[in-house]
Amino acid sequence: MSERTQVGIVGAGPAGLVLGHLLHLRGIDSVILEDRDRDYVEKRVRAGVLEQGTVDLLTEMGVGGRLQREGLVHHGVELRFDRRGHRIPFDELTGGCGITIYGQQEVVKDLIAARLETGRPLLFEVDDVRPEGLDTDRPTLRFRHGGDERELRCDFIAGCDGFHGVCRDAVPDGVLTRHERAYPFGWLGILAEVAPSSEELIYCHHDRGFALHSMRSPELTRLYLQCEPDEPIESWPDERIWEELHARFESEGWALKEGPIVEKGVTPMRSFVAEPMQHGRLFLAGDAVHIVPATGAKGLNLAVADVRVLADGLSRWFSNQDDTLLRSYSEQCLGRVWHAQYFAWWMTQLLHRMPDDGDGFQTKLQRAQLSHVVSSRAAATALAENYVGLRR
Ligand code: APR
Ligand code: PHB
């Protein structure tokens with residue numbers, strides 16, 4: 001079976017779904033292909049920090065209703081080290097800016113509902129997606145769906161299929177330059193059915209390793225522990241997790257509340273950028289082309305920022321065949337991407353225990369940096385501006 005669309009979008013994560021909706025609002029048709037089922041995509045627990053620019057875009061797109069009602073607006077975070085907390089007041093340091101805590105899977109649910117409402121195609125459980133003809137002006141996506149072999153002829157393909165997707169690898173050898181750092185640790189993340197123990201996020205530096213207190217709602221706490229990158233989840237029974245969390249977060253007059261653990265997983269920490277973010281008629285966006293370690297909370301925001309630029313470029317092209325914006329897509333995005341890479345790396349090296357730190361040199365440097373950040377307004381402002389997403 002052969003069909004046609006203007007933009008073939010691979011992947012129904014935040015990047016693919018936001019792109020599909022932005023294109024819809026400009027009257028451009030697209031087909032979104034997703035290899036998982038709807039339930040899986042909607043339940044997958046991921047990041048949860050939205051910059052104001054991301055909230056504004058979702059709101060302008062008409063998908064911000066529930067986000068406005070249920071999102072938790074935060075105006076600061078705590079940095080905890082040597083068992084003491086220090087607040088970084090974002091609003092005071094950035095002229096009123098903050099962040100919104102709203103789970104990525106909630107964003108995805110809202111976007112899927114909006115997509116279905118438009119009546120435009122979003123196919124789940126597609127198999128074996130093959131991007132072809134990228135160097136021609138009629139690129140094609142071949143795939144299988146419901147047992148049928150299908151062919152989708154497109155004007156453009158958007159590779160929004162995440163780090164393990166197929167689009168990046170469809171680019172011929174030698175075109176992309178890859179920059180990568182794998183960190184010698186991962187994050188064990190849990191979701192617990194208990195009210196958060198703090199009103200704001202806590203980034204905690206400890207000799208036993210980094211820990212993060214976050215949340216999803218007034219009834220759900222999200223917690224992370226630095227662990228080995230390939231740590232089998234079986235080696236972390238619930239009791240061990242709580243014991244370790246209590247030890248790392250320990251601080252006078254503060255107690256971590258426990259509750260039933262309803263989700264558990266290990267994520268490796270990595271920095272990755274492939275550039276340029278385009279080849280022929282294929283445009284790569286989001287995790288398909290860059291990964292930032294989660295310490296800076298930038299992954300989702302970067303994915304959304306990419307497709308905003310891409311939607312503008314595509315819309316210009318479809319209205320008058322002007323490819324100026326599309327040609328500068330990669331360059332426009334990469335400035336932001338590398339800035340976020342820098343900030344995420346900076347937060348990561350500041351807060352994690354380095355496994356090769358034999359004589360404790362790195363730990364001493366981290367403490368010196370942390371003391372500087374919490375005692376110098378200039379240093380705290382740099383963190384705050386980067387965290388809330390204020391750029392130049
Ligand atoms: N064919 C179709 N779909 C695919 C394929 C494939 N071969 N491979 C992957 N996918 C789907 C995945 O199942 C997923 O739903 O592409 C989607 C990619 O979504 P994300 O991984 O969420 O990536 P992105 O939309 O770029 O969002 C980035 O996700 O990993 C987090 O923290 C990261 O917040 C950031 C955000
Ligand atoms: C989360 O709530 O999942 C979260 C918050 C802050 C981070 C990373 C993840 O830096």
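Which helix gives the most to the shell around ligand 1? Helix 8 does, with three residues. The legends below concern a predicted model, in which local features need pLDDT of at least 70, side-chain atom pairs count only at pLDDT 80 or more, and totals for chains, interfaces and linings use all residues. Residues are numbered from 1 along each chain as its sequence is written, chains are lettered from A and ligands numbered from 1 in the order in which they are written, and side-chain values use heavy atoms, with hydrogens and water left out.

**View 1. The shell around ligand 1.** Ligand 1 has 24 residues around it, and Glu 34, Arg 44, Arg 46, Gln 104 and Asp 287 come nearest; a residue is near a molecule or strand if one of its heavy atoms lies within 4 Å of it. Polar contacts are pairs of N or O atoms within 3.5 Å; within protein, one atom must be able to donate a hydrogen and the other to accept it, and residues adjacent in sequence count only if both atoms are side-chain atoms. A side-chain N or O atom of Gln 104 is 2.6 Å from an oxygen atom of ligand 1. The backbone also takes part: a polar backbone atom of Leu 300 is 2.9 Å from an oxygen atom of the ligand, and a backbone N or O atom of Pro 14 lies 3.2 Å from an oxygen atom of ligand 1. On its own, ligand 1 has 710 Å² of accessible area, of which the protein covers 89%; such areas come from the Shrake-Rupley method with a 1.4 Å probe, and for residues only the protein chains shown count as cover. Helix 1 and helix 8 (299-320) are the elements that give two or more residues to this shell. Helices (H or I, at least four residues) and strands (E, at least two) are DSSP runs, numbered from the N terminus. By class, the shell divides into 10 nonpolar, seven polar and seven charged residues. Here Ala, Val, Leu, Ile, Met, Phe, Trp, Tyr, Cys and Pro count as nonpolar, Asp, Glu, Lys and Arg as charged, and the others, Gly among them, as polar.

**View 2. The shell around ligand 2.** Among the 13 residues around ligand 2, those that come nearest are Tyr 203, Ser 214, Arg 216, Tyr 224 and Ala 294. A polar side-chain atom of Ser 214 lies 2.6 Å from an oxygen atom of the ligand, and a side-chain N or O atom of Tyr 203 is 2.7 Å from an oxygen atom of ligand 2. Thr 295 has a polar backbone atom 3.3 Å from an oxygen atom of ligand 2. The protein covers 98% of the 280 Å² of accessible area that this ligand has on its own. Strand 15 (201-204) and strand 16 (211-217) each supply at least two residues of the shell, and strand 16 gives the most, with three. The shell has eight nonpolar, three polar and two charged residues.

**View 3. The packing of helix 10 and helix 11.** Two packed helices are described by the angle between their axes and the distance between the axes. Axes are lines fitted to C-alpha atoms, for helices over the stretch in contact, and angles run from 0 to 180 degrees between N-to-C directions. Helix 10 (residues 329-351) and helix 11 (residues 361-375) pack at about 120°, with their axes 8 Å apart. Trp 346, Gln 349, Leu 350 and Leu 351 of helix 10 make the contact with Gln 366, Gln 369, Leu 370 and Val 373 of helix 11, where contact means heavy atoms within 4.5 Å. These residues divide into five nonpolar, three polar and no charged.

**View 4. Two loops.** Most residues other than glycine have a negative phi, and most peptide bonds are trans. Asp 82, in the loop between strand 6 (76-81) and strand 7 (84-89), has a positive phi near 50°. A cis peptide bond, with omega about 0°, joins Glu 275 and Pro 276.
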